[in-house]
Amino acid sequence: PGGNASCLAGVDLHVARDYIKRIIGLPGDTIEVVRNRVFVNGEPLAYGEPEVVGQLMLRTGARDVVHTTETIGGVEHLVQQWEPLSSSGPFEVRPGHIFVMGDNRDNSNDSRCWGQVPISNIKGRAMFIWFSRDREDTGAIRFDRIFDPVR
């Protein structure tokens, strides 16, 4: 078990579903998350400056929505962060497995929660955005993002 909220809330993993996640660690790597920063074999990934892009109203009050960038294998990705900042690990990636995380990692399941993924379970690479909805605001369909390439 890991440090993200959905794990701790007991969200069930749907084995029959496909998940789109970023590969963070390969066999033999050690992965650790310290205050929302990912370290691979003791080295931190490169991060951009965090930026508050909005607020969510929750029963417990308003929460900032913070975006930053994270560079994995020379490719920059957008990451959403939540307060409080989470830490988990270290995790040593077993032979024949990978360690995966998503872009909204404190609000979704990943290898910190359901464990390492056998390499044989990889189906392919996400190529484009099939559907996009504004969950933070009105729930409206974001037509301008549909069929955009995944970077």
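**Notes on the model**

1. The side chains of His77 and Arg22 make a polar contact at 3.4 Å. A polar contact here is a pair of N or O atoms within 3.5 Å; within protein, one must be able to donate a hydrogen and the other to accept it, and residues adjacent in sequence count only if both atoms are side-chain atoms. His77 lies in strand β8 (residues 75-81). Its relative accessibility is 14%, so His77 counts as buried (buried is under 20% relative accessible area, exposed over 50%, partly exposed in between, with a 1.4 Å probe and protein chains only).

2. On provenance: this is a predicted model, in which local features need pLDDT of at least 70 and side-chain atom pairs count only at pLDDT 80 or more, while totals for chains, interfaces and linings use all residues. Residues are numbered from 1 along each chain as its sequence is written, and side-chain values use heavy atoms, with hydrogens and water left out.

3. An open sheet is formed by 4 strands in the order β4-β3-β2-β9, with antiparallel pairing. At the edges are β4 (43-44) and β9 (88-92), each of which pairs on one side only. Strands are DSSP runs of E of at least two residues and helices are runs of H or I of at least four, numbered from the N terminus; two strands pair if DSSP finds at least two bridges between them. Between β2 (residues 30-34) and β9 there are 3 bridges, in the antiparallel sense. Val33 has Ser88 of β9 as its bridge partner.

4. The aromatic count is 1 pair. The ring centres of Phe91 and Phe99 are 5.1 Å apart and the planes are at 35°, so the pair is tilted. The rule covers rings of Phe, Tyr and Trp (its six-membered ring) with centres within 6.5 Å; planes under 30 degrees apart are stacked, over 60 edge-to-face, and the rest tilted. Phe91 is buried at 17% relative accessible area, and Phe99 is buried at 0%.

5. Arg37 places its charged end over the ring of Tyr47, 4.3 Å from the ring centre. The criterion is NZ of Lys or CZ of Arg within 6 Å of the ring centre and within 35 degrees of the ring normal.

6. Where is Pro50 placed? Pro50 is in the loop between β5 (46-47) and β6 (51-58), and is partly exposed at 42% relative accessible area. Leaving out residues up to four places away in sequence, Pro50 touches Arg37, Val66, His67, Thr68 and Gln81 (contact means heavy atoms within 4.5 Å). Pro50 and Val66 are 16 residues apart along the chain, with their C-alpha atoms separated by 6.2 Å.
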